[in-house]
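Thanks for making the time this morning. I would like to walk through one chain with you, one region after another, with the definitions given as we reach them.

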Amino acid sequence: MLLKALRLWAWPVLAVFLGLAAASPAAARNVSVLVDAKDGTVLRADGANALWYPASLTKMMTAFLVFEAAKAGKLHFADKIVVSANAAGQSPTKFGLKSGQKITVEQALTAMIVVSGNDAAVALAEAIGGSEERFAQMMTETAHRIGMTRSEFRNASGLPHAGQVTTARDMAELAMHILEGYPEHYHFFSKRSVTIAGRTQQSVNGILSSYQGADGMKTGFTCGSGYNLVASAKRNGRRLIGVVLGGSNRGERASLMTQLLNAGFSQPASVKPKLKDMAIKVAAEDQGPPPTLLKGGDCDKRVAEDGNSTITSTARISGWGVVFGAFPQKALAESTIATMKTKLKGTIKKGRPAIIQRTWEGLTRYSALLVGLDQAEAGKACKKVWAENGYCLALSPAVLSNPDAEWR
């Protein structure tokens, strides 16, 4: 059976078959695998068994458990679920769901896939597992059951966790299970937008529009993982599944996937070995921990977890925020935040300082913010600053998480 064909293999054997050189995960910039969805033929592979951080590719497994629960009659897509404070408070990227808001399972699933909403992912996890922790256990159990032997899950969203790992091969395994086991639900991965309570957001998956024949799957990014992508494309009745882990930016990720798919569509499937023919063994060069890929900018800054220290990574920003300007020196940003915290004492009850470094056309600036606020607090803070002729801009969670937002 095709789904049972996806198993771990001895990389030296695969290298002989494919004529490829194995890449050490410690040295690899990225890893990849390309599979013919019809029969599991491996068309291309490079470091496909190396451990990697999945980032938001994790949401593919979250979706798979939703599909299984629906098939078992444990929930229906029209069922309403209540967004918990825990789900609403997840770090970006998120849709912007509010604590206590009621949405359908279908809306949560769409928001999770289309805009990679961490809040939607946790809402689904809590609805199915009772808690995200229990749901993560279910994810790992399911992964091992379907043959994702090297994958471990610790949360439903893909937010960084040292114990949450996968491989390019395992993600191809999952993609094939979704395509073969739940073809009626594959359309969720093809959607270009999602609307909830009158608010619409567009897909974050650029490959859907940039590659002819691409019709779905998922993107992912953390500093540890780099830019990840699982894509499925169909041309002339033939469907391929590509997995790229560790691109250095969105453009490179798309370029690597385009090259991978183009190479696959240009060659016949029958001349390559199938995954079922590979030995169940992980080669020595694919052992070891996953790499931490990206350096520089936000990815080169250590973020304290004590809840009080200054945030320096946009990946850690949550809630509403207020920005007081962008400064040529970090010290000026720090002093501005200190001044504003004193002025706003009594106006806001919470708020963490954040300094985000950005370089534009050769000029480096440090944006000074207070984040982790609710909407009312952000509004009150800016009104008080404006009353004293100061600069203040209230930023919604969606704007804070938008890499192209002008405040940056």
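Thr195 has Thr200 as its bridge partner in β6, and I start from that pair in a model that is predicted, where local features need pLDDT of at least 70, side-chain atom pairs count only at pLDDT 80 or more, and totals for chains, interfaces and linings use all residues. Residues are numbered from 1 along each chain as its sequence is written, and side-chain values use heavy atoms, with hydrogens and water left out.

The strands β5 (residues 193–196) and β6 (residues 199–202) pair in the antiparallel sense over 4 bridges, where pairing requires that DSSP finds at least two bridges between two strands. Helices (H or I, at least four residues) and strands (E, at least two) are DSSP runs, numbered from the N terminus. In a regular strand the side chains alternate between the two faces of the sheet. In β5, Val194 and Ile196 make up the covered face, while Ser193 and Thr195 make up the uncovered one.

β5 and β6 form a hairpin with 2 residues between them, and Ala197, which lies in the loop between these strands, has a positive phi of about 50° although it is not a glycine. Ala197 is exposed, with a relative accessible area of 71%; here buried means under 20% relative accessible area, exposed means over 50%, and partly exposed is in between, with a 1.4 Å probe and protein chains only.

Let me turn to the helices. Helix α5 is mostly covered, since 8 of its 10 residues are buried, among them Val105, Ala108, Ile113 and Val114. Just after α5, Ser116 takes a positive phi of about 60°.

For α11 (residues 330–343), the 14 residues at 1.5 Å each should span 20 Å, and the end C-alpha atoms are 20 Å apart, which agrees; the expected span is 1.5 Å times one less than the number of residues. The buried residues of α11 are Ala333, Thr336, Ile337 and Met340, and seen down the axis they fall within an arc of 100°, so they line one face of the helix, the arc being that of the directions from the helix axis to the C-beta atoms. An α-helix has 3.6 residues a turn, so residues three or four places apart point the same way. Ala331 and Thr342, on the other side of α11, are exposed.

On a 1 Å grid over the protein atoms alone, a cavity is a set of points where a 1.4 Å probe fits but cannot get out, a pocket is an open set with protein on both sides within 12 Å along at least five of seven lines, and lining residues have an atom within 4 Å of a point. Grid points are joined across faces, edges and corners, and a volume is the space filled by probe spheres set on the points.

The structure holds 1 cavity of 30 Å³ or more, and about 40 Å³ of space lies in the largest cavity. Its lining includes Ile113, Val114, Phe188 and Met217, and β7 (214–222) gives the largest share, 3 residues. The second largest pocket has about 520 Å³ of space, and of its 24 lining residues the closest to the centre are Gly96, Leu97, Lys98, Trp320 and Pro397.

I finish with the disulfide count, which comes to 1, a disulfide being a pair of cysteine sulfur atoms within 2.5 Å. Cys382 is joined to Cys392 at an S to S distance of 2.1 Å, and the link is left-handed, with -70° about the S-S bond. Cys382 sits in helix α12 (residues 375–387) and Cys392 in the loop between α12 and β13 (393–395), 10 residues apart. Cys382 is buried at a relative accessible area of 1%, and Cys392 is buried at 4%.
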